[in-house]
Amino acid sequence: MESVVNLFSNMVRMYPDKIALKDKYGSYSYHELDMISNGIAHFIVNECNNQGIDLEANIEAGKDGERIGILLPRKKLFVATLLGIIKAGCCVVNVNPEFPNQRKNYIIHDSNCRCIISSLDIDKTGIEGNIFDIEDIIGKDENYIKDPINLSNLENEGMIAYTSGSTGVSKGVVHRQKFFSISNLNCWQDFYEYTKDDNFACMTGFSFTIVYSELLTPIINGSTSYILDEEEKLDIPKIVNIIQNHGITVMSMPSKVLRYISKTYPDLSIKFVYSGGEKLQNIETNNFLVLENYGCSECGYVLSNLMKEDDSPRVLGKPGPFWKTYLVDEDGNEITESGVVGELCVSGEGVSKGYLNLPEATEEKYVDCPFSDDDIMFKTGDLMSLDENGLFEYHGRNDFMVNINGIRVELAEVEIVIQEDKAISEVVCTLENIHGGDNLVCYFATEHPIDDEKEFVSAIKDRIAEKLPDYMIPSIFVKLDKLPRNINGKIDRSNLPEIDVSAHKEEFEKPTSEFEILLANAFSKILSIDVEDISINDNFYDLGGNSVLTMELLDYLKMHEISSMDIFKGQSIKGIVNLVESKTSKNKENLSAREKEEMAKSHDLTPFQRRLLIDQSCEFNSTVWNIPFLFSLDEEVDAERLREALQKTIDNHQVLSTTLEIDGEAHIKQRYIENLLPKVAIEEMTEKELEDILPDLVVPFNIFGGPLARFRIFKTEKTCYLFMDIHHLIGDGTSSNIFYKDIVSAYRGEELPEDYYFSFIKDMEIIHESSDYEKAEKYYLGKYGDLSSWALSPSHDLSDEGYGVEITGIWPAGLSVEDIEKAEERFKTSRNVLAVVASLKALSAQSGNSKVLVNWVYNNRNNHDYDNTMGCLIKSLPVGLDLNDYENDEEILKEIKNQVINGIANSSYEYLSINYESFTTDTLFVNYLGKLRNSEGFQYFKPELMEVPRERDIAKMRVAIAVMEDENDEILTGVEYCSSMYSKENAVEFHELLNKEFISLVKEGG
């Protein structure tokens, strides 16, 4: 059996310049895809080496490769990364960006991913793990130009697919690498012989096991494949346009989408469509073949059959060559006669190894096959029979797993998550057909009466959305006094009341505007409801809408500027209208024009900027908030090109020409001033002269009226040097990385993405006037109350005047990175959270107060419009708790993780910055720095960071903690403190407490 890597390499040799992959952003040829995936594979090998793992030696010794997460959007880069992981001999773990953070983090920790490959396009806030952006990986010359690599081993772990689990969490299905070959070698050639001239389109969700067949089959056959992104695959007009514009001949579609498209668009270029998950019916096949498939996460596609209009019941065909199938009765005997229903069991090379970290579930479902000597047999739970021709007919399930628009869902998982709410006494979920679509319905009862049922249900939906994907959230909730039960005391699903959709209608408000009437007619058409009964407040999904009906609604409205996300987020006619009008207004306004308009105005400082200004005012002549860097660059760097690139980069970022001013009402404002910064010049000097001026490079900024940034280029007989110094008021860590990236791009002659700093600041001003701000303020004040009730920093023993700064030193913590990784796995959390909890416990022990609060820094770049925006955009968010309220470390860690998630959701109200008093309410600052390295985007210049002499004369805060990893993978800790408030002995004692608590938590915590 050939590996996928070898099959793909054959196509690269045959068709190097042919387009292999397309998406709406561009395309890759076979040669480009090969080179990029090689670079990704070499990056993985090198990263494993950096972590002390000899990947190649381990695989040669017969060990499995490492598990590598993919946290990527639906783009061609996903396939390149998939190939790269396979080439590196590693195991693919797909972490769906659409999942809520708790589910993503569960997958990352349950699978123990060595690293996660993500993208600048993905908001990684709250995601725990060793994450690398794909843009940085493929931008590295040392990765991109590497020779071909193939460490794949067909018997090793190849892929872990997470599927719905009955215990309240998803379960990981472990497949071997040969699964990639099996699922492609068996891609239905008996039904349709596709060739290199076929054009594929992929719209299957990336969480499905079978998507790997859909992604890899085209590129091992010399074909071209188009990857639909999340919005395209939910928008029927866009799907149709892609089919027409790219000449798509082969693709997969959900049955309901296929039924709609086949009737509405009969003249498409498609020749072959495959589908699965539910019975195909009322399909107008026209000029194309339709293949109905049956499969599951544990086995992939097992049975296939060409659809026939008269098929009833659902006929699923025969197994492929890599699967053996058996019908088994309740006593474990094989059923061979037709018409007798039994459970379908599957063995053969296509069956997965089992469930990750779930030995009991594996033992229950993966059993020794009694019908074959050396096979493991998987018990599917699907009930089937054989017809007269030996084909399998489907008869349902032997448990409560359901199929929602092609996605298998364990109802028990949904029920368990819902019943975590202590107010709910009992719950049961069912799948109901409403308006011809699948709708998940939740019936529940409560311990006590509730005042506002709608508000209660809304809160349940918000809470479970933190753990479950959208398709697992019930669209309809029905409150009962108690759930019906049978004589055995079990919930009687057959006696649940029928759904009354009208009971879920909102206060009636008639559509009046042209747009509202249009949407009301669309709701009426798709949901089969009288248009006179539809209010603009009615929720589309409460009335029976679902994801497939959303697609039909979009198609009905295809002549109007409405996207799938407008419907998913707006939900009601009023909500959709508000979103569309807001979006249209923003698009018409044009971001560039808006930025110019806002640049002409003065703007308020953000709460965090005001906090920094308070600190700077302690000593205006201090350089403590300067952020200086001096780099020596590769001797091949052209000084004039560098000067032009630096000037272009400075001109691209408005914040660099921003200063502070006091307006007529004595308010401090920030304003853009054209030509505030002098033009960059090349300063030629000797190495000795440069050495002489180093002590004078970092000097205080003139905060009011002067520039808050400095840039200089020095050229000596040896090389070029780049000096930059930016005040923290106008920059943060992400800003530095953006600046480095832009300098490299400008040096290469590339166009720079626009910066919209003042539009960002305007958005912040608008948010502060919104209801979201009031809601966030209510959350923070309700959660943390008055800061005076908390222990915020260690108790101090001095009260000298001034703000002197000292550091206890950089000490070994008595822990290794391996210890941290084991704790991360044990607690299913991140090393950042571990450091915060250790700090909270040390703070409590030192202060004698169980109620402790510290802060962490939130990046605050969620809107992709601001991906290239420099500025001090960060926010300082709190985490705090009373340690006496928790029985063990696991409960504490769980609470802190939840606070991080809720803090981000409510970050429009900057609780700590608004209530900040310098050296009074500043909280203990905890920062897990990890391994410090130069910005990866700046490596083009092969920079060496040089030490710049500067006087660190005052403290930034009372106490700050830094946690680092050294080159030997040992953990180091440092404590910086205000020497006017803390004696050396006091600070050292706290540092010792910190390390003690850190060791206890990591090695003994429970």
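Helices and strands here are DSSP runs, numbered from the N terminus. With that in hand, let's look at some close-up views of this predicted model.

**View 1. Asn94, a buried residue at the end of a strand's range.** Strand β4 covers residues 91-94, and Asn94 belongs to it. Because its relative accessible area is 9%, under the 20% cut-off, Asn94 counts as buried. A polar atom of the Asn94 side chain sits 2.5 Å from the backbone oxygen of Phe206. Setting aside neighbours within four places in sequence, Asn94 also has contacts that include Ile70, Phe78, Ile107, Ile160, Ser207 and Tyr212.

View 2. How many of the 11 residues of helix α5 are buried? The count is 9, so this helix (residues 101-111) is largely enclosed by the rest of the structure. Among the buried ones are Asn101, Arg103, Lys104, Ile107 and His109. The cover over the buried residues of α5 includes strands β3 (67-70), β4, β5 (115-118) and β7 (157-163). Helices α13 (411-418) and α26 (817-827) are also part of that cover.

View 3. Most residues other than glycine have a negative phi. Asn112 is placed in the loop between α5 and β5, and with 42% relative accessibility it counts as partly exposed. Apart from neighbours within four places in sequence, the contacts of Asn112 are Arg67 and Glu825.

View 4. Asn357 is not a glycine, yet its phi is positive, at about 60°. This residue lies in the loop between β19 (354-355) and α12 (359-365) and is partly exposed, at 46% relative accessible area. Lys942, also not a glycine, has a positive phi of about 50°. Look for Lys942 in the loop between β38 (924-930) and β39 (944-946). Is Lys942 buried or exposed? Its relative accessible area is 58%, so Lys942 is exposed.

**View 5. The largest nonpolar core.** In soluble globular proteins, nonpolar side chains tend to be buried together. The largest nonpolar core of this model has 63 residues, and those touching the most other members are Ile820, Leu834, Val854, Ile896, Leu924, Ile971 and Phe998. Which helix gives the most to this core? That is α27 (residues 831-847), with 9 residues. Zoom in on Ile971: leaving out residues up to four places away in sequence, the residues it touches include Trp811, Leu815, Ile820, Tyr928, Val963 and Phe998.

View 6. Phe620, Ile662, Ile668 and Phe704 make a nonpolar surface patch of about 330 Å². Phe620 comes from the loop between α20 (607-616) and β29 (626-632), and is partly exposed, with a relative accessible area of 37%.

**View 7. Salt bridges between separate parts of the chain.** Side chains of opposite charge can pair when their charged atoms come close. There are 41 salt bridges in the model. In one of them, the side chains of Glu66 and Arg114 meet at 3.1 Å, N to O. Glu66 is in the loop between α3 (55-60) and β3, while Arg114 is in the loop between α5 and β5, so the pair ties together parts 48 residues apart in sequence. Both partners are buried: Glu66 has a relative accessible area of 15%, and Arg114 has 18%.

**View 8. A salt bridge between two helices.** Lys783 and Glu895 form a salt bridge, with their closest N and O atoms 3.0 Å apart. Lys783 belongs to helix α25 (residues 771-784) and Glu895 to helix α28 (residues 889-905), so this pair ties together parts 112 residues apart in sequence. Lys783 is partly exposed, at 34% relative accessible area, whereas Glu895 is buried, at 15%. Elsewhere, salt bridges that share partners join Glu155, Arg176, Lys178 and Glu349 into one network.

Definitions and conventions
Residues are numbered from 1 along each chain as its sequence is written. This is a predicted model: local features need pLDDT of at least 70, side-chain atom pairs count only at pLDDT 80 or more; totals for chains, interfaces and linings use all residues. Side-chain values use heavy atoms; hydrogens and water are left out. Helices (H or I, at least four residues) and strands (E, at least two) are DSSP runs, numbered from the N terminus. Buried means under 20% relative accessible area, exposed over 50%, partly exposed in between (1.4 Å probe, protein chains only). A polar contact is a pair of N or O atoms within 3.5 Å; within protein, one must be able to donate a hydrogen and the other to accept it, and residues adjacent in sequence count only if both atoms are side-chain atoms. Contact means heavy atoms within 4.5 Å. A nonpolar core is a set of buried Ala, Val, Leu, Ile, Met, Phe, Trp, Tyr and Cys residues joined through side-chain atoms within 4.5 Å. Patches are made of residues with over 30% relative accessible area and no salt bridge: like charges are joined within 9 Å, nonpolar side chains (Val, Leu, Ile, Met, Phe, Trp, Tyr) within 5 Å. Accessible areas come from the Shrake-Rupley method with a 1.4 Å probe; for residues, only the protein chains shown count as cover. A salt bridge is a side-chain nitrogen of Lys or Arg within 4 Å of a carboxyl oxygen of Asp or Glu.
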